[in-house]
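Q: Got a model open here and want to talk through its side-chain contacts. Can you walk me through them?

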Amino acid sequence: MDDDEYAKLFRRMNPPRFFLPALSTCSFISLSTIFQPYYTYLYSCVTDRVVIDNNASDDATVIQVDSVNKQGTLLEVVQVLTDMNLVIKKAYISSDGGWFMDVFKVIHQDGNKITDTQLLDFIQMRIERNAGWFIPPLRSSVGVMPSDEYTTIELAGTDRPGLLSEVSAVLTDLHCNVVNAEIWTHNTRAAAVIHVTDNTTNSAITDPLRLSTIKHLLCNVVGTNSGSRAAKTVFSSCSDTHRERRLHQIMFDDRDYEGVKKRPRTSRPCVTLTNIDKDYTVVTMRSKDRPKLVFDVVCTLTDMQYVVFHGMVSTEPLEAYQEFYIRHVDGLPINSEAEQERVIQCLEAAIERRTSEGLELELSAEDRVGLLSDITRTFRENSLTIVRAEISTREGKAKDTFYVTDVTGNAVESKIVESIRKEIGVSKLKVKECSVLGTSSRGSQETTIGYLLSNIFKSKPLQ
């Protein structure tokens with residue numbers, strides 16, 4: 001299905017229920033000005049907020065979401081699709097004023113439609129429950145409030161070889177068991193969200209004195225060679241904040257978007273901004289496609305206090321294209337050069353943080369206290385650097401994924417990998433794939449800004 005056919009699908013799934021004045025005869029102020037009188041009527045007409053259609057497209061499942069629009073609605077819907085490990089191939093977004101009407105074309109990670117009826121029902125239930133849920137803004141600080149099941153530790157500091165190994169060794173020495181964790185590195189900075197339990201009680205650590213000791217020792221480890229930026233170690237009950245969203249927040253707060261860029265300009269995402277008749281700022285992004293890309297971008301825009309009113313997403317094997325019409329929560333587009341540069345830097349960082357550079361190693365083993373410390377020490381002793389990691393345990397089994405390079409950031413030699421596998425266990429540690437950030441194809445030099453609303457707006461450079 002090409003873009004024109006998909007646009008027809010969007011209109012077919014949202015048939016007009018009343019007469020609207022022709023847009024070509026209107027002096028445009030904002031779409032909310034035109035549609036606001038009809039929002040109340042629309043809400044009374046729509047009974048199914050989520051419609052899932054497997055017949056509308058030959059190669060994907062189409063999900064239409066209609067709801068009253070609140071701050072963070074788009075992020076909540078994209079987050080549900082992402083958490084279900086669905087791949088967004090195309091999307092049309094329209095959430096001007098008080099109404100949210102979006103269409104997503106999604107597939108499984110294996111490339112197929114979603115046919116399991118129980119899974120389809122679960123997706124519909126999750127979106128209907130979450131759509132419109134208000135998402136708290138970026139938090140600049142958190143308290144010492146562990147949950148009942150585990151204690152959440154958040155770390156931020158300067159990245160260096162062996163950092164995760166040293167952190168996990170400290171936790172093991174302090175009788176903490178790592179049950180889940182996610183670690184990102186980007187632009188010389190590192191961030192981690194780690195869930196730990198007491199290895200005796202298998203529950204959260206609540207003793208204030210013990211928490212203070214853990215924090216002090218971790219600060220010593222993370223703070224080594226931190227330069228002018230102070231390392232941070234905090235405890236939090238993060239049950240209300242999505243873990244991956246929290247990582248974006250931590251790295252944003254740590255200003256990882258500033259400073260020296262490791263990748264050459266040609267291999268980094270292409271992000272451009274253009275203002276439209278003083279009503280919207282249009283953000284266009286071209287980058288290599290990867291899982292969770294749309295979530296990372298929408299998450300960053302939301303935490304920067306920007307609202308997406310319209311947009312489209314189109315992904316192909318070699319490139320993903322995203323276009324969003326945004327305004328700040330104060331209702332204004334981006335009007336300063338400094339803020340323009342800041343938004344570009346932050347979106348580039350959001351796209352790059354989760355890019356899987358290096359060799360992907362997958363560990364499957366019986367979980368035990370100190371397992372993460374032993375594995376990461378083996379990596380360090382063989383001069384491997386962990387650039388990203390996902391740690392999880394379930395029912396006594398550990399399933400961890402590590403993305404590794406050598407200490408210079410280059411590919412790991414195969415003989416070193418085989419040596420490590422023999423030391424840890426060939427059946428336990430497997431090489432999943434090798435993925436290196438590719439050069440983003442710019443495609444046609446003609447701009448596609450105005451793809452959705454070109455018949456309404458006339459674009460002009462950012463003033």
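Q: Start with charges. How many salt bridges turn up in the whole structure?
A: This is a predicted model. A search of the whole structure gives 26 salt bridges.

Q: What about D296 and R290, buried or exposed?
A: Both are buried. Their side chains form a salt bridge, 2.8 Å from N to O.

Q: And what distance separates the closest N and O atoms of D374 and R368?
A: They are 2.9 Å apart, in a salt bridge. D374 is partly exposed, at 24% relative accessible area. R368 is partly exposed too, at 41%.

Q: Which residue does E390 meet in a salt bridge?
A: R388, at 3.0 Å from N to O. R388 is buried because its relative accessible area is 4%, under the 20% cut-off. E390 counts as partly exposed, at 29%.

Q: Which residues are joined into one network by shared partners?
A: E244, R290, K292, D296 and R354.

Q: Switching to the nonpolar side. Which members of the largest core touch the most others?
A: L81, F104, I127 and F324, out of 48 residues. Helix α8, residues 293-303, gives the most to this core, with seven residues.

Q: What is F324 in contact with, leaving aside neighbours within four places in sequence?
A: Its contacts include I93, M285, V297, V298, L301 and V313. H310 and G311 are also among them.

Q: How many residues are in the other core?
A: That one has 42 residues, including A190, L371, L372 and V412.

Q: Last one: how many disulfides?
A: Zero in the whole structure. As for cysteines, C299 is buried at 0% relative accessible area, whereas C219 is partly exposed at 28%.

How values were computed: Residues numbered from 1 in each chain as written. Predicted model: local features only at pLDDT ≥ 70, side-chain atom pairs only at ≥ 80, totals over all residues. Heavy atoms only, no water. Core = buried A, V, L, I, M, F, W, Y, C linked by side-chain atoms within 4.5 Å. Buried < 20%, exposed > 50% of the residue type's maximum accessible area, 1.4 Å probe, protein only. Helix = DSSP H or I, 4+ residues; strand = E, 2+ residues; numbered from the N terminus. Contact = heavy atoms within 4.5 Å. Disulfide = S-S within 2.5 Å. Salt bridge = Lys/Arg side-chain N within 4 Å of Asp/Glu carboxyl O.
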